[in-house]
Every structure is written in structure tokens, then in C-alpha cells.
Amino acid sequence: MGTDIWFYVEKRHYRREYQWTDGRLIEIPKSEEELNNTACWISADRWNVNPNHYLYPEEKISQLIPSDPSLFYSGNRNYDLFGILSNTRNDHDLKFISSPRGLPSDLSPELLEFAMENKDDFYDHSWLLLEEILQFNWDERFYCDSFMEYRNVKQTCSDFIFETIPKLSALGDAKDVRVIFWFG
């Protein structure tokens with residue numbers, strides 16, 4: 001059996017406060033620390049109500065299911081990409097962004113409930129900020145034993161680089177967009 005990736009996206013939202021001053025609505029200035037302390041991560045994925053949650057309550061199935069699991073990442077199994085994201089299935093010893101970090105403690109409620117369902121079947125839960133993904137050197141070359149040739153990461157991960165990263169970048173500042181993923 002092969003390994004698949006479950007890939008989700010969250011965006012950080014900041015609590016802003018306003019006041020009326022001289023007939024205009026003015027934002028109350030806050031320090032970056034104050035903004036970060038009141039920020040929360042919200043799922044950027046689309047969700048549907050899961051009818052099985054209501055039909056089979058004894059199974060404790062999540063209330064929501066992704067309506068379009070390929071909204072941000074539509075690629076197939078790509079072990080080179082999996083290796084780069086979290087050193088999972090890194091058969092070519094590629095440089096990687098981070099080892100698996102587990103799920104973040106401030107995960108959005110929808111995604112937390114969904115991630116906890118069938119958690120025994122999944123492994124290497126992790127997350128990355130878009131900022132980290134953009135900083136990675138996607139021009140690395142590596143030797144592929146199977147084909148006895150040198151390959152370029154940009155070529156083997158082209159779907160992710162040219163489709164997923166632009167979709168993520170469109171969501172906002174790179175420090176305010178993160179991907180949550182796991183394998184199974």
C-alpha cells in the first residue's frame with residue numbers, strides 16, 4: 001500500500017477594534033503582541049455537514065467533512081513532496097522543511113474535530129507556515145536511484161509549486177497562512 005496526504009489550510013485572523021471619532025470609524029491601534037494574543041486560526045477549507053454524524057452518533061464521527069478535499073492541493077502521491085514537507089517517505093534523502101511537528105495547539109475547531117476522527121490510521125501530523133514553504137530552495141537537484149539520473153525538485157513537485165503555492169499566497173500574508181497535513 002502507498003502513502004497519501006491529507007492537506008488542509010488555515011488563515012490567521014486578528015481581532016481588531018474600532019471607535020467612532022469625529023464622525024468616522026477609526027481602528028484602535030494595537031501592538032503586534034496584542035494582535036497576536038487575540039488572533040485565531042480559521043479553516044480556509046470548505047466544509048459540509050456530515051450526515052453520518054447524525055445517523056450514527058454512537059460512532060463519534062465528526063460533524064463536518066471537507067466538501068472539496070482537493071481545494072488547495074490536488075496532487076497525487078508525491079513522495080518527493082512528502083519528504084520535503086516533513087521528511088515523510090523521504091527515499092531520496094532530500095532536504096526537508098521540518099520534521100513532523102504534530103497538530104498545533106491552536107488548531108481551528110472544524111479541523112481539530114476532523115483530525116481526531118480515525119486518528120489511529122494516520123501518522124506524521126504536522127503543519128507549516130506558508131512563509132516556511134516559500135523560503136525552501138525548490139531548485140535542489142537529487143540523484144534518483146530508480147531511474148539512475150539526476151532530477152530537479154522543481155520538476156518533481158511542479159504541481160505543488162505552480163498550483164498550490166499560488167492558491168495559498170492568494171489567501172494573505174505568508175506568516176498568516178498555514179498548512180496542516182498528515183499521512184496515512
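**Note on the predicted model: pocket, sheet and cores**

1. The largest pocket is lined by 14 residues, and those nearest its centre are Ile5, Trp6, Phe7, Pro69 and Tyr73. The pocket holds about 230 Å³ of space. Strand 1 gives the most to this lining, with 4 residues. A pocket here is an open set of points on a 1 Å grid over the protein atoms alone, where a 1.4 Å probe fits, with protein on both sides within 12 Å along at least five of seven lines; lining residues have an atom within 4 Å of a point. Points are joined across faces, edges and corners, and the volume is the space filled by probe spheres set on them.

2. A word on the basis. This is a predicted model, with local features needing pLDDT of at least 70 and side-chain atom pairs counting only at pLDDT 80 or more, while totals for chains, interfaces and linings use all residues. Residues are numbered from 1 along each chain as its sequence is written, and side-chain values use heavy atoms, with hydrogens and water left out.

3. Overall make-up. The protein has 7 helices and 10 strands. These are DSSP runs numbered from the N terminus: helices are H or I with at least four residues, strands are E with at least two. The C-alpha trace spans about 70 × 45 × 25 Å along its principal axes. Of the 184 residues, 38% count as buried. Buried means under 20% relative accessible area, exposed over 50%, and partly exposed in between, with a 1.4 Å probe and protein chains only. Among contacts with a separation of 6 or more, 68% join residues 24 or more positions apart. Contact means heavy atoms within 4.5 Å.

4. An open sheet is formed by 4 strands in the order 4-1-10-7, with antiparallel pairing. Strand 4 (40–43) and strand 7 (123–129) stand at the edges with a single partner strand each, so one side of each has no neighbour in the sheet. The twist averages 30 degrees from one strand to the next. Two strands pair if DSSP finds at least two bridges between them. Angles run from 0 to 180 degrees between N-to-C directions, using axes fitted to C-alpha atoms, for helices over the stretch in contact.

5. Strand 4 in detail. Strand 1 (residues 5–13) is joined to strand 4 by 4 bridges, and the two run antiparallel. His13 has Cys40 as its bridge partner in strand 4. Lys11 stands opposite Ile42.

6. Helix 3. Helix 3 (residues 79–86) packs on the sheet and touches strand 1, strand 7 and strand 10 (177–183). Its direction makes about 120 degrees with that of strand 10. How many residues of helix 3 are buried? The count is 7 of its 8 residues. The buried residues of helix 3 pack against elements including strand 8, helix 6 (153–156) and helix 7.

7. The largest nonpolar core has 29 residues, and Phe7, Trp138 and Phe160 have the most contacts inside it. At least two residues of this core come from each of strand 1, helix 3, helix 5 (130–135), strand 8 (141–144), helix 7 (158–169) and strand 10. A second, separate core of 9 residues includes Tyr8, Trp47, Ile180 and Trp182. A nonpolar core is a set of buried Ala, Val, Leu, Ile, Met, Phe, Trp, Tyr and Cys residues joined through side-chain atoms within 4.5 Å. Leaving out residues up to four places away in sequence, Trp138 touches Leu81, Ile84 and Phe160, among others.

8. The hairpin. Strand 8 and strand 9 (residues 149–152) pair in the antiparallel sense over 4 bridges. They form a hairpin with 4 residues between them, and Met148 in the turn has a positive phi of about 50 degrees. Phe142 has Arg151 as its bridge partner in strand 9.

9. Two single residues. Thr3 is found in the segment before strand 1. Thr3 counts as buried because its relative accessibility is 4%. Trp127 lies in strand 7. Trp127 has a relative accessible area of 22%, so it is partly exposed.
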